[in-house]
Amino acid sequence: MKNKDQVAKPNIKTNNQENNTSQPKKEEVVKNTTPPQPINNNEINSLRKELESKNQKINQLTAELNNYNVNFKKEIEARAAKAQEQLNIKISEITKKSNEEVATAKKYAIKDHAEELINIISQMNSIIKASENNPNQDVKNYVVGFKMYMNMFENLLSNMGIKKINVKIGDVFDEKIMNAVDTEKTSSVKPNCVSKIVREGYYLHDRVLIHVDVVVGK
């Protein structure tokens, strides 16, 4: 028989022992860790140079963009100023033309009334010419009175911008200012020249208001 002291003890492991067996030893951990790579100064300098180059390029592009914006703004402002100048010129031309048209309309507004007045004066002139050689003294007195009125009418016409067209016997016929009411064979004037003045003509400022009625020799 075995003694009590010799009885075999059971192999019981504590939790601490189990944990110790499952963890690697410190030496093993150190052996499996990858050591850090040494710093490569050449690569860092290369990256720095590349970054500086890109920053310079960005700055250059930014400056070019700003310069382009400034030039573009100046061009737009120049074109706007030119367009405004042309617009002002056009407005000035239209205003001037409008004012001239208004002035012209006012200038020749009395045309119809002037023609009526001149017709009356022409009739009075015809009466005067027909009565100038009349031997009757009363008729002669009337002629003198009519001539006085005619002078007053002529002054009035002059103030209105109306004046006689100066045509004389023997002048070459001019259709711009004359109206041929008849022709006659005569040796007193050359062919196609005025042989008689039937009715006086008048200008209204620089326009022919009434043509001179004439007889033309042939």
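In this predicted model, Asn179 stands opposite Asp213, a residue of strand β6. The two strands concerned, β2 and β6 (residues 212–217), pair in the parallel sense, and their pairing runs over six bridges.

**The sheet**

Strands of a sheet pair through backbone hydrogen bonds, and the pairing may be either parallel or antiparallel. Here three strands form an open sheet in the order β2-β6-β3, and the pairing within this sheet is mixed. At its edges lie β2 (178–184) and β3, each of which pairs on one side only. When direction is ignored, neighbouring strands of the sheet are turned by 30° against each other on average.

**The largest pocket**

The largest pocket has a volume of about 230 Å³, and its lining is made up of 15 residues, of which Ser122, Asn125, Ser126, Lys129 and Glu200 lie nearest the centre. Two or more residues of that lining come from each of the elements α4 (111–131), α5 (137–159) and β3 (194–199). Among these elements, α4 gives the most to the lining, with six residues. Strand β3 thus has a place in both parts of this account, as an edge strand of the sheet and as a contributor to the lining of the largest pocket.

| Class of lining residue | Number in the largest pocket |
|---|---|
| Nonpolar | four residues |
| Polar | four residues |

Note on methods:
Residues are numbered from 1 along each chain as its sequence is written. This is a predicted model: local features need pLDDT of at least 70, side-chain atom pairs count only at pLDDT 80 or more; totals for chains, interfaces and linings use all residues. Side-chain values use heavy atoms; hydrogens and water are left out. On a 1 Å grid over the protein atoms alone, a cavity is a set of points where a 1.4 Å probe fits but cannot get out, and a pocket is an open set with protein on both sides within 12 Å along at least five of seven lines; lining residues have an atom within 4 Å of a point. Grid points are joined across faces, edges and corners, and a volume is the space filled by probe spheres set on the points. Helices (H or I, at least four residues) and strands (E, at least two) are DSSP runs, numbered from the N terminus. Ala, Val, Leu, Ile, Met, Phe, Trp, Tyr, Cys and Pro count as nonpolar, Asp, Glu, Lys and Arg as charged, and the others, Gly among them, as polar. Two strands pair if DSSP finds at least two bridges between them. Axes are lines fitted to C-alpha atoms, for helices over the stretch in contact, and angles run from 0 to 180 degrees between N-to-C directions.
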